[in-house]
Amino acid sequence: MIKLKSTVVYQVISGETVLLDVARGTYFDLNASATVMVQALLNGGDRKAAIAAVLEIFDADAELVDHDLDRLLRELTDAELIESI
């Protein structure tokens, strides 16, 4: 489970997400599968739930989705947009 930092807002547009840190003026775009992962995690789901949510919608390999989730969480953490809870 994750939460957005207090200065971050997000908007889903046509199935993709834009995260904006209003304090720093930086933004991050998420594609459709990353949007599903982040929404699952923001809604209280764990890693397994985020992967399952992607596999329900997209024809994807579970191992690849797991790897993509690692990369996504690392990038969002490095960009200081999320925190673990």
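User: What stands opposite Gln11 in strand 3?

Analyst: Val18 of strand 3 stands opposite Gln11. Strands here are DSSP runs (E, at least two residues), as helices are (H or I, at least four), numbered from the N terminus. This is a predicted model, where local features need pLDDT of at least 70, side-chain atom pairs count only at pLDDT 80 or more, and totals for chains, interfaces and linings use all residues. Residues are numbered from 1 along each chain as its sequence is written, and side-chain values use heavy atoms, with hydrogens and water left out.

User: What makes strand 2 and strand 3 (residues 16-21) a pair?

Analyst: Two strands pair if DSSP finds at least two bridges between them. Six bridges join strand 2 to strand 3, so they are a pair, and they run antiparallel.

User: Why do strand 2 (8-13) and strand 4 (26-30) count as edges?

Analyst: The open sheet has three strands in the order 2-3-4. Strand 2 and strand 4 each have a single partner strand, so one side of each lacks a neighbour in the sheet.

User: Why is helix 1 called roughly perpendicular to helix 3?

Analyst: The axes of helix 1 (residues 32-42) and helix 3 (residues 62-78) cross at roughly 70° and come within 11 Å. Axes are lines fitted to C-alpha atoms, for helices over the stretch in contact, and angles run from 0 to 180 degrees between N-to-C directions. Angles under 35 degrees count as roughly parallel, over 145 as roughly antiparallel, 65 to 115 as roughly perpendicular and the rest as oblique. Therefore helix 1 is roughly perpendicular to helix 3.
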